[in-house]
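Visitor: I am new to this structure and would be grateful for a close look at a single part of it. Please begin with the charges on its surface and continue from there.

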Amino acid sequence: MKPLPAQFIKSAAEYEQCPAPSKPEFAFVGRSNVGKSSLINLLVGGRDPIALVSSKPGKTRLINFFEIASRWNLVDLPGYGYAKVSKSAKDVFQAIVSDYLLDREKLACVFQLIDSKIPPQEIDLTFSQWLMESELPFVLVFTKADKTKKGALDRNVEAYHLAMSEFAEGLPRTFTTSSKKGDGRTDLLEFINQVVDQTKR
Ligand code: GTP
Ligand code: MG
């Protein structure tokens, strides 16, 4: 597992503080505690983690920008969901997240992380629907695969797809990962490289 050169660019507390767009950006988002920081560290693969893994959920309220392999930018978005369960998509996440996602010209793809060990959650579906309606390119990443038996994991993914088909025409590409075991790193990096190559054309 070869580590990728990674460099912290900056943190933004408001959309206006985001760095000038340069490389294609891949944004990671999901419910607090879904394993976002762990996945980011897995992807980079260095000995020292670049993202802070926390036991207390919902700590990151900033957008963090990293440059990876001098080729693409990894964007760590604040987790959603700790602001109570709500009906409308806008209440689910902070304004900074929607400002970034709706306005960022270099956004190449959103990675929506979902906990693979639980059945579909309304808050995740609300976010998927919002991404769909906003016509943003996104994929699903089911995390913590090591915590569930394969059969249960497949059922959760299937149930999520089924719930999505209520509002979606096609289904987004779907990955499964375990930051503990290293599963999914190759697939995700392959996908990212493909998208970067396409945006260069
Ligand atoms: P916040 O930034 O606080 O919202 O959380 P996060 O989404 O960044 O999650 P984080 O990576 O900090 O992980 C949350 C907890 O889940 C930690 O205790 C991790 O060790 C654990 N965890 C994350 N990924 C995995 C995984 O693939 N397998 C297992 N077993 N545990 C994981
Ligand atoms: Mg985190």
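**A charged patch and its surroundings**

Guide: A patch of negative charge on the surface brings together Glu14, Glu16, Asp99, Asp103 and Glu105. The model is a predicted one.

The aromatic rings come next. The structure contains 10 aromatic pairs. Among them is the stacked pair of Tyr80 and Phe127, with 4.7 Å from centre to centre and 25 degrees between the planes. This pair joins distant parts of the chain, 47 residues apart: Tyr80 sits in the loop between strand S4 (72–76) and helix H2 (89–92), while Phe127 lies in helix H4 (residues 122–133). Tyr80 is buried, its relative accessible area being 0%; for Phe127 the value is 0%, and Phe127 is buried. Ring pairs also connect Phe26, Phe28, Trp72, Phe111, Phe175 and Phe191 into a cluster.

Most residues other than glycine have a negative phi. Glu135, however, has a positive phi near 60 degrees. Glu135 is placed in the loop between H4 and strand S6 (138–143), and its relative accessibility of 72% means that Glu135 counts as exposed. Lys144 likewise has a positive phi near 60 degrees. Lys144 occurs in the loop between S6 and helix H5 (150–164). With a relative accessible area of 19%, Lys144 is buried, because that term applies to values under 20%.

Conventions. Residues are numbered from 1 along each chain as its sequence is written. Chains are lettered from A and ligands numbered from 1 in the order in which they are written. This is a predicted model: local features need pLDDT of at least 70, side-chain atom pairs count only at pLDDT 80 or more; totals for chains, interfaces and linings use all residues. Side-chain values use heavy atoms; hydrogens and water are left out. Patches are made of residues with over 30% relative accessible area and no salt bridge: like charges are joined within 9 Å, nonpolar side chains (Val, Leu, Ile, Met, Phe, Trp, Tyr) within 5 Å. Accessible areas come from the Shrake-Rupley method with a 1.4 Å probe; for residues, only the protein chains shown count as cover. A salt bridge is a side-chain nitrogen of Lys or Arg within 4 Å of a carboxyl oxygen of Asp or Glu. Lys and Arg count as positive and Asp and Glu as negative; His and the chain ends are not counted. The place of a charge is taken as NZ of Lys, CZ of Arg, CG of Asp or CD of Glu. Rings of Phe, Tyr and Trp (its six-membered ring) pair if their centres lie within 6.5 Å; planes under 30 degrees apart count as stacked, over 60 as edge-to-face and the rest as tilted. Helices (H or I, at least four residues) and strands (E, at least two) are DSSP runs, numbered from the N terminus. Buried means under 20% relative accessible area, exposed over 50%, partly exposed in between (1.4 Å probe, protein chains only).
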